[in-house]
Amino acid sequence: MSLAAGSVYLDWNATAPLAAAARAALHACLDDERLGNPSSLHAAGRRARTLLEEARRTLAECLESSPEEIVFTSGGTEANALFLRGAAARLEPGLIAVSAVEHSSVYETARLLAAHGWRLVEIPVDAEGRIDPFAFERILRERPAIVSVMLAHNETGVIQDVASLARAAREAGALVHCDAVQAVGKMPLSRRALGVHALTLSGHKFGAPTGIGALVLAREVALAPLLTGGGQEAGRRSGTENVPGAMAMAAALVEALEARESLHARLHALQQRLEAGLAAQGAVIFGASAARLPNTTFFALPGLEGAALAGVLDRTGFAVGTGSACSSGEPGAPRSLLAMGVPEALARGAVRVSTGRSTTEADIDGFLAALAQAAGQLRRLAALCAD
Ligand code: PLP
């Protein structure tokens, strides 16, 4: 799939291209001159309200939740912050436990709470990026008030057993949150089945435009809002709702779920093809023996910098990530890999390939050939510099 003309886009975990159904929903809203503010009482307002509630119902159905549980936000970062900060504001400062591999939007929010009286504990992971259940049990004995564990990792694609972790955390009395941003549309998802109090999603990861997301929040949990004002979203998130975004997100999720099973099989086959080719080039694949998303491969070629490789690949027409898009401007090794015990020198070589519905075998083969060439170029350059 080309986001940029002439290039092969292999960075779907950063942002997935707009899905056809989302594009149609978006256009229908943008072209509708009778669409007002969903809080207005006149006909144009009521029309917007109807569409917003339709989107809410669709999302709730797709996520086996109820419409009242859906709080629209501007994206995953806001939904994560809304839960963590909103829950913390209603509690006495205590212990907050987040996995050591959480996305920065959870990790930095937890650090912010730690600067305001909370004690932050990082739940360790094993060498494959899975939460260590024994360490988790030990942490639960300290009775954390809030626990946050992601479902599928944005860089490694490693999937955590959130259902059993959440069960134990609830029994220990914690409010449990799950950042499911990278899992939505890629695996069956239900807040209740996972047993968490809140679930975060982000539209642009599954075919909606950027700027729309949601927190799926159990009715019994009261949060202090991050944004105050007009009291939209039942007082949980003020600000005029993004009706076109909500409609596009609902349409994208329906489309993703309809295609999920056949796409899963196809992406899994592409992943195997990619990883066989990477192994032949001497790559180390992170989290290789853990359960992973079928569209995500995080790897390094020992001795080469990930940012340098990604730069050469970009110039030859292949868009890949070097880790979380939000932090890829920062130099250094991904925090997730250091938490997995990967040596820093190897972790600095990390490159992420993430695929999607329009990725083809030819894209993967082209990528592997371009990678071999890029690696050769960089090694020759390094040898010249060493002389
Ligand atoms: N959580 C995870 C796991 C992510 O991968 C991302 C984005 O990369 C986010 C949260 C943030 O989502 P958004 O870009 O919608 O703010």
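Colleague: Which residue meets the side chain of Arg34 in a salt bridge?

Modeller: Asp32, at 3.6 Å, N to O. A salt bridge here is a side-chain nitrogen of Lys or Arg within 4 Å of a carboxyl oxygen of Asp or Glu. Bear in mind that this is a predicted model, where local features need pLDDT of at least 70, side-chain atom pairs count only at pLDDT 80 or more, and totals for chains, interfaces and linings use all residues. Residues are numbered from 1 along each chain as its sequence is written, and side-chain values use heavy atoms, with hydrogens and water left out.

Colleague: Is Arg34 buried or exposed?

Modeller: Arg34 is exposed, with a relative accessible area of 53%, whereas Asp32 is buried at 13%. Buried means under 20% relative accessible area, exposed over 50% and partly exposed in between, with a 1.4 Å probe and protein chains only.

Colleague: How many salt bridges does the count come to?

Modeller: 19 salt bridges. One of them pairs Glu233 with Arg56, with the closest N and O atoms 2.8 Å apart. Glu233 lies in the loop between β8 and α8 and Arg56 in helix α2, so the pair ties together parts 177 residues apart in sequence. Helices (H or I, at least four residues) and strands (E, at least two) are DSSP runs, numbered from the N terminus. Glu233 counts as buried at 4% relative accessibility, and Arg56 counts as buried at 6%.

Colleague: And what does Glu142 pair with?

Modeller: Arg119, the closest N and O atoms being 2.6 Å apart. Glu142 sits in the loop between α5 and β5 and Arg119 in strand β4, so this bridge ties together parts 23 residues apart in sequence. Glu142 is partly exposed at 42%, and Arg119 is partly exposed at 44%.

Colleague: Switching to rings: how many aromatic pairs are there?

Modeller: Four. Rings of Phe, Tyr and Trp (its six-membered ring) pair if their centres lie within 6.5 Å; planes under 30 degrees apart count as stacked, over 60 as edge-to-face and the rest as tilted. Phe299 and Phe367 are edge-to-face, 6.4 Å centre to centre with 75° between the planes. That pair links strand β10 to helix α12, 68 residues apart.

Colleague: What about Phe318 and Phe367?

Modeller: Their centres are 6.2 Å apart and their planes at 65°, so that pair is edge-to-face. Both Phe318 and Phe367 are buried. Ring pairs link Phe299, Phe318 and Phe367 into a cluster.
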